[in-house]
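The sequence and the coordinates are shown first.

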Amino acid sequence: MTEREILLKKISTYEFAALDLQIYLDTHPHDTAMIQKMNGFKEKLKPLVEEYEEKFGPLKKSMTSTNMWSWIKGPWPWENEEDC
């Protein structure tokens with residue numbers, strides 16, 4: 001696995017866990033232990049997203065800079081040599 005793939009896997013794991021707990025909290029809004037756990041996942045997620053974006057660019061279109069077309073300058077998925 002490449003560094004990029006490892007970071008994406010960690011990000012998706014924490015995002016899934018936080019989202020799953022958020023759904024649980026829709027029906028159990030007073031479960032303080034799960035609220036703390038969800039917040040913990042979100043705290044762990046933030047530096048991973050920052051690291052990914054610093055090294056590989058934005059994860060989502062909404063995370064791009066003020067130049068809305070800057071994302072097009074990077075390599076397209078099929079242009080990566082490691083994928084060929």
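## Secondary structure

Helices are DSSP runs of H or I with at least four residues, and strands are runs of E with at least two, both numbered from the N terminus. On this basis, the chain of this predicted model has two helices and zero strands. Helix 1 spans residues 3–27 and helix 2 spans residues 32–56.

## Burial and contacts

The chain comprises 84 residues, of which 18% count as buried.

Where contacts join residues at least 6 apart in sequence, 50% of them connect residues at least 24 apart.

Two aromatic pairs are found in a search of the whole structure. In one of them, the ring centres of Tyr-14 and Phe-41 lie 6.0 Å apart and the planes meet at 45°, so the pair is classed as tilted. This pair links distant parts of the chain, since Tyr-14 belongs to helix 1 and Phe-41 to helix 2, 27 residues apart. Tyr-14 is partly exposed, its relative accessible area being 23%.

## Aromatic pair within helix 2

Tyr-52 and Phe-56 also form a tilted aromatic pair, with 5.1 Å from centre to centre and 45° between the planes. Both residues are in helix 2; because they are four residues apart, about one helical turn separates them.

The two partners are assigned to separate accessibility classes: Tyr-52 counts as buried at 4% relative accessibility, whereas Phe-56 counts as partly exposed at 35%.

Terms used:
Residues are numbered from 1 along each chain as its sequence is written. This is a predicted model: local features need pLDDT of at least 70, side-chain atom pairs count only at pLDDT 80 or more; totals for chains, interfaces and linings use all residues. Side-chain values use heavy atoms; hydrogens and water are left out. Buried means under 20% relative accessible area, exposed over 50%, partly exposed in between (1.4 Å probe, protein chains only). Contact means heavy atoms within 4.5 Å. Rings of Phe, Tyr and Trp (its six-membered ring) pair if their centres lie within 6.5 Å; planes under 30 degrees apart count as stacked, over 60 as edge-to-face and the rest as tilted.
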